[in-house]
Amino acid sequence: MAMIIFSPSTVIFLSIFITFFCFPSKVCSLSAFSQLQLPPNVTGPVSLAFDLSAAVPYTGVHDGRIIRYGGTDVGFTDFAFTTPTRSKAVCDGNKDPDSEPTCGRPLGLSFNNQRNQLYIADAYFGLLVAGPNGRLATTLATTAEEVPFNFLFGLDVDPLSGLVYFTDFSTTIQLRNLSKAIASGNTTAFSSDATGRLLRYDPATKNVTVLLSGLSGAAGTAVSSDGMFVLVSEFNANRIQKFWLRGSKASTAETFVRFRGVPINIKRSGTGYFWVAVNIQNSQSPPTSMFTGQRISYSGTILETVSFDDQYGGTTLITEVQEHFGALYVGSDNATFVGVQRG
């Protein structure tokens, strides 16, 4: 999935930086970085999900498949897909944006581990769910408040309630049109778009509720471990908003954290904090990006920054950093692998 060239208001001028750099936090070096290679000609593992039974990653890729890692001997194999119009002959290895409405483009993934169900946010085919055997996912919703989904992006399942939180990046711009606009350098309409939404699906009632609208590129989302609030990142606004679900502030929103770069996916850790993929553009000509994972406290303090410049520099943006069993798993919009940092 292509990403925007940032407007001047979002460009970060840094006078000094070396391989690893720091925000108001400590910086961690990458002691052991490895790659889980995707199948041949496959790219774009934007988001990752883990089931409890096997503790292996699942990811959605550019050609519309959701694939599952089976270990070093097996690699990634097909697990599920999001539309009956997808054919392996046409779609496998296909990176053409105009093929996405036929092949699908699964972006957000998250498991309901109590039911062993994988929830999927597809940029074209809405909110879906796949059972433990995968194959064609079941469509759950394609509209909210009579407005069709246009560009679903991020997704998280509340492990306590089973409620599903997800984002509609824009109600006016499709992913494939965004990709073409970026390729042509004409991103004005996209950078000023503020039609994104934060949504919630209730599996018991099958109802979709709009929690927030008017968001500037609604990207990642994650609910807190205690279910008190849900976070949503705004790609164009360089911030994360907190929407209160319970307590005296319920149904109100406030800024959770602002960044010196663009936040994409948010992932909750098992100990209550969050990891956010943040891409920062410097002022070189031509401009280049720096790729970081930032660990954020429950209260919105940046605790730690990890640089992935050496692993991803110049080829792709990182879209997700997720902690799982002591390792950091990294998603990206154009790489041929899932990154894993251990130690």
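Modeller: The model is a predicted one.

Colleague: How many aromatic pairs does a search of the whole structure find?

Modeller: The search finds 18 aromatic pairs. One of them joins Phe 153 and Phe 169, with ring centres 5.5 Å apart and planes at 25°. Centres within 6.5 Å make a pair and planes under 30 degrees apart make it stacked, so Phe 153 and Phe 169 are a stacked pair.

Colleague: What parts of the chain does that pair link?

Modeller: Distant ones: Phe 153 is in strand E14 (residues 152–157), while Phe 169 is in the loop between strand E15 (164–168) and helix H3 (175–184), 16 residues apart.

Colleague: What makes Lys 242 count as lying over the face of Phe 229?

Modeller: Lys 242 is at 4.6 Å from the ring centre, and the distance cut-off is 6 Å. Phe 229 also belongs to an aromatic cluster with Trp 244, Phe 256, Phe 274 and Tyr 298.

Colleague: Which residues are closest to the centre of the largest pocket?

Modeller: The pocket holds about 650 Å³ of space. Of its 28 lining residues, Phe 50, Asn 113, Arg 268, Gln 322 and His 324 are the closest to the centre. Strand E7 gives the most to the lining, with four residues.

How values were computed: Residues are numbered from 1 along each chain as its sequence is written. This is a predicted model: local features need pLDDT of at least 70, side-chain atom pairs count only at pLDDT 80 or more; totals for chains, interfaces and linings use all residues. Side-chain values use heavy atoms; hydrogens and water are left out. Rings of Phe, Tyr and Trp (its six-membered ring) pair if their centres lie within 6.5 Å; planes under 30 degrees apart count as stacked, over 60 as edge-to-face and the rest as tilted. Helices (H or I, at least four residues) and strands (E, at least two) are DSSP runs, numbered from the N terminus. A charge sits over a ring if NZ of Lys or CZ of Arg is within 6 Å of the ring centre and within 35 degrees of the ring normal. On a 1 Å grid over the protein atoms alone, a cavity is a set of points where a 1.4 Å probe fits but cannot get out, and a pocket is an open set with protein on both sides within 12 Å along at least five of seven lines; lining residues have an atom within 4 Å of a point. Grid points are joined across faces, edges and corners, and a volume is the space filled by probe spheres set on the points.
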